[in-house]
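Please look through the sequence and the model shown here before reading on. The paragraphs below then lead through a selection of helices and their packing.

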Amino acid sequence: MLGRHLFGYLPVQAAQALVGFGGVAVLTRLMPPDMYGQYALAITAMHLVSMALFTWLDAAVARFHARADARGALAAHLATAYRTFFALVAAVIVIGGLLLWLLPISSELKTTFGFALAALSVQSLLQIGQETRRAAGAVAAYSAIGTFNLLLGFGLGIGLIMMTPLGAAGPIAGMALGALIALAFDLPGQKRRAKGGKTNNRRLALYFAYGLPISISLVFEHLLSAGDRFLIAGFLGEAAVGVYAAGYSLADRSLDIIFVWLGAAATPLTVAALERGGPEAAREVAARTARIMALIGFPAAAGLALVAAPLAGVMVGEDFREGATLILPWIALAGLMKGVMTYYFHESFILGRRTRAMAGIMGVAALLNLGLNLIFLPMFGIAGAAAATVIAYAASLLACAIIGGRIFALPLPWIDWGKTALATAGMAAAVIALPAIEHAFLDLTASVAAGVATYAVLAVLLDAGGCRGWIGEARNWLKTAEAAS
């Protein structure tokens with residue numbers, strides 16, 4: 001079942017990849033570093049507000065869907081979620097608008113933040129429907145709406161920046177319009193499901209108690225990964241933020257796409273297994289997730305570090321390349337640790353319903369990162385920010401593994417992870433042994449081809465992550481498809 005879900009979520013993850021890589025490649029060529037820095041600051045602030053005020057509700061919608069459906073209370077479940085959302089978003093718009101009017105920032109940044117507020121509102125509304133589909137196992141519908149929203153918003157954003165004077169606000173305005181159009185397909189079905197449901201204050205209190213620590217944890221986690229941009233702006237200026245954000249995005253988004261894909265497929269299955277089969281059933285799903293996570297994540301992070309220079313040469317504008325090359329290997333390592341921590345070890349706290357402990361760990365890690373930035377930024381510039389991120393993620397990963405294991409012990413498949421690490425080391429040796437090619441695209445292509453081929457051979461030989469089983473499943477699926485045709 002996990003394999004089928006992974007394939008089902010592929011379209012939306014492919015769209016994430018296109019938008020993530022395309023956004024960096026296109027926007028760093030259409031924007032100077034200072035404008036891209038304004039865009040990065042607005043996106044960071046938007047995500048922080050979303051995580052602080054709306055993610056707790058999304059988490060509760062996903063976590064309690066199966067229980068509500070089993071008890072015939074799905075309408076009340078959704079009605080409670082949507083009515084709470086509209087109360088929250090009204091407050092966000094009023095308070096956010098007032099803050100933008102009072103803040104002593106440039107008019108360009110105020111405009112960009114204003115569009116971010118609009119995008120936050122419509123995307124958060126769309127996310128409730130998406131979490132409902134994911135929890136219900138409606139993979140095709142989730143992927144269709146998610147893919148449509150991402151690609152439409154991206155296309156509209158590029159068009160707005162090219163044809164209007166919106167500047168850094170253009171891509172964010174496109175995101176808002178894309179989500180608004182996607183809601184036309186989302187809301188009618190959700191309205192039917194919530195019809196007749198009544199808001200239940202006890203239910204809302206349960207959702208808030210469960211989801212709030214997750215929101216706090218994610219706020220701290222986002223501060224850990226992106227909060228340093230505000231310090232970089234203060235110490236080094238908006239142009240430095242733009243250079244740092246471009247390099248960071250290349251590595252972090254690449255890995256985030258992989259881990260979000262795995263999490264989207266595995267988390268609902270793990271929760272459902274716990275509800276229906278108990279802790280051991282949940283651990284069986286988690287064990288397979290851990291093996292797949294390493295099988296894909298280890299070589300992806302190592303590959304990004306190995307091809308930092310040609311990747312930056314191909315993917316970002318000339319003004320951004322030197323800085324992106326400098327920080328990309330650091331962020332690849334940080335991104336791997338972030339993914340394993342967020343989409344595997346955090347499951348201990350979620351399954352054990354001890355999310356406050358998770359929030360506490362992430363809070364300490366965020367403070368550690370910000371404190372290290374205050375020391376490293378004046379000394380080493382943006383490289384210091386990248387080093388601080390790596391140290392903070394290493395500390396938080398270790399803490400989550402140790403403390404989470406006491407709450408809800410998850411399998412640690414050391415043998416499979418060791419095989420995957422060995423195959424990754426062989427891949428790295430093959431890429432390093434290649435002769436240098438001056439043309440960035442050819443260098444990148446040759447390195448990727450050599451790395452993928454070497455890793456695939458070694459992974460199969462070692463049966464890393466149980467990949468031979470996957471190959472067997474694929475063959476059986478093909479045979480079944482041929483027989484059916």
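**Helices and their packing**

Helix 9 (residues 169-194) has 26 residues and reaches 35 Å from its first C-alpha to its last, close to the 38 Å expected at 1.5 Å a residue. The expected span is 1.5 Å times one less than the number of residues. Helices here are DSSP runs of H or I with at least four residues, numbered from the N terminus. The structure is a predicted model, in which local features need pLDDT of at least 70 and side-chain atom pairs count only at pLDDT 80 or more, while totals for chains, interfaces and linings use all residues. Residues are numbered from 1 along each chain as its sequence is written, and side-chain values use heavy atoms, with hydrogens and water left out.

Helix 9 has a kink of about 40 degrees at Ala-184, shortly before the proline Pro-188. Such a bend is the angle between axes fitted to the seven residues ending at a residue and the seven starting there. Just after helix 9, Gly-196 adopts a positive phi of about 85 degrees.

Helix 7 (residues 107-136) should span 44 Å with its 30 residues at 1.5 Å a residue, and its end C-alpha atoms are 44 Å apart, which agrees. Gly-137 follows helix 7 and has a positive phi, near 75 degrees.

Helix 10 (residues 201-226) also has a kink, of about 30 degrees, at Gly-211, shortly before the proline Pro-213. Helix 10 packs with helix 16 at an angle of about 20 degrees, their axes 8 Å apart. Axes are lines fitted to C-alpha atoms, for helices over the stretch in contact, and angles run from 0 to 180 degrees between N-to-C directions. That angle makes helix 10 roughly parallel to helix 16; angles under 35 degrees count as roughly parallel, over 145 as roughly antiparallel, 65 to 115 as roughly perpendicular and the rest as oblique. The crossing of helix 10 and helix 16 is left-handed, a term for a near helix turned anticlockwise from the far one by less than a right angle, right-handed being clockwise. By class, this contact has 12 nonpolar, 4 polar and 2 charged residues. Ala, Val, Leu, Ile, Met, Phe, Trp, Tyr, Cys and Pro count as nonpolar, Asp, Glu, Lys and Arg as charged, and the others, Gly among them, as polar.

Helix 16 (residues 355-380) also packs with helix 11 (residues 228-236), at an angle of about 25 degrees and with axes 10 Å apart. Helix 11 and helix 16 are therefore roughly parallel to each other, and helix 11 passes helix 16 in a right-handed crossing. In this contact (heavy atoms within 4.5 Å), Asp-228, Leu-231, Ile-232, Phe-235 and Leu-236 of helix 11 meet residues of helix 16 including Asn-369, Leu-370 and Asn-373.

Helix 12 (residues 238-277) and helix 17 (residues 382-407) pack at an angle of about 45 degrees, with axes 10 Å apart. Helix 12 and helix 17 are therefore oblique to each other, and their crossing is right-handed. Ala-240, Val-243, Tyr-244 and Tyr-248 of helix 12 make the contact with Ile-382, Ala-385, Ala-386, Thr-389 and Tyr-393 of helix 17. This contact of helix 12 with helix 17 has 8 nonpolar, 1 polar and no charged residues.

How values were computed
Helix = DSSP H or I, 4+ residues; strand = E, 2+ residues; numbered from the N terminus.
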